[in-house]
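Keep the structure open beside you as you read.

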Amino acid sequence: MNILRAYIYFFHRLAPWLLEGKPNTISVKDKQQTMKKIEAIIKPFKLEEVKESLSEIGVAGMTVSEVKGFGRQKGHTEIYRGSEYTVDFLPKILIQVVVSDETAKAASAAIVKAAKTGKIGDGKVFIYPIEEAVRIRTEENGEEAL
Ligand SMILES: Nc1ncnc2c1ncn2[C@@H]1O[C@H](COP(=O)(O)OP(=O)(O)OP(=O)(O)O)[C@@H](O)[C@H]1O
Ligand SMILES: [Mg+2]
């Protein structure tokens with residue numbers, strides 16, 4: 001009798017594994033990584049132009065901050081609003097935008113095109129993989145949250 005019980009117990013525990021694979025390891029719900037975050041540090045007067053270009057390619061949202069920074073020239077030889085700054089840090093704008101993988105290349109190219117003057121201090125673009133996104137109001141996640 002006990003042997004029968006043990007047999008039934010193990011069958012119930014093992015059957016799902018045999019039929020569906022080990023639970024909690026690979027789930028159909030797990031999505032491939034499909035998003036990128038683009039951070040662009042640009043000259044402040046280029047913000048409008050960059051914003052317009054990103055809107056044109058259908059970027060839904062963005063975050064903008066006023067930051068300070070320096071690059072290779074340490075800010076010394078840069079001109080800001082007509083006068084040469086002698087400090088290390090110059091005012092810059094940091095744009096953060098999260099987009100789908102398919103949009104990332106176009107978005108980065110649009111930023112570079114709009115922000116470029118060809119003079120020193122034009123800025124940089126950094127691209128990061130995004131693990132997950134959640135729209136708080138609806139609790140949608142992944143690309144649907146963008
Ligand atoms: N390696 C870096 N890491 C983080 N931020 C950076 C880096 N390089 C530049 N930045 C940011 O970008 C801003 C603009 O940099 P900048 O365009 O002067 O870079 P650069 O390498 O000196 O290029 P350029 O020779 O064209 O001036 C800086 O003020 C800083 O905020
Ligand atoms: Mg520089």
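Start with α3, where Thr103, Ala104, Ala107, Ala110, Ile111 and Ala115 are buried. Look down the axis of the helix and these buried residues of α3 fall within an arc of 140°, so they line one face. Turn to the face of α3 directed away from the buried side and you'll find the exposed residues Glu102 and Lys113. As for its dimensions, α3 has 15 residues and spans 22 Å from first C-alpha to last, close to the 21 Å expected at 1.5 Å a residue. Bear in mind that all of this is read from a predicted model.

What do the buried residues of α3 pack against? The answer is β1, α2, β5 and β6 (123-130). Three of those partners are strands of an open sheet, so let's go there next.The sheet has four strands in the order β2-β5-β1-β6, with antiparallel pairing. Its edge strands are β2 and β6, each of which pairs on one side only, and the twist averages 25° from one strand to the next.

The largest nonpolar core has 17 residues, and Ile38, Val97, Val99, Ala107 and Ile111 have the most contacts inside it. At least two residues of this core come from each of β1 (35-42), α2 (47-56), β5 (90-100) and α3 (101-115).

Which residues is Ile38 in contact with, leaving aside its neighbours within four places in sequence? They are Val97, Val99, Ala104, Ala107, Ser108, Ile111, Val125 and Ile127. Ala104, Ala107 and Ile111 in that list are also among the buried residues of α3.

Finally, step out to a loop. Arg72 is found between β2 (63-69) and β3 (79-80). Is Arg72 buried or exposed? With 8 C-beta neighbours inside 10 Å, Arg72 counts as exposed, because the cut-off for that is 12 or fewer. Arg72 and Ile120 are 48 residues apart along the chain, yet their C-alpha atoms are separated by 9.2 Å.

Note on methods:
Residues numbered from 1 in each chain as written. Chains lettered and ligands numbered in written order. Predicted model: local features only at pLDDT ≥ 70, side-chain atom pairs only at ≥ 80, totals over all residues. Core = buried A, V, L, I, M, F, W, Y, C linked by C-beta atoms within 7 Å. Buried ≥ 20, exposed ≤ 12 C-beta atoms within 10 Å, placed from the backbone. Contact = placed C-beta atoms within 7 Å. Expected span 1.5 Å × (residues − 1). Arc of directions from axis to C-beta. Pairing = 2+ DSSP bridges. Axes fitted to C-alpha atoms, helices over the stretch in contact; angles between N-to-C directions.
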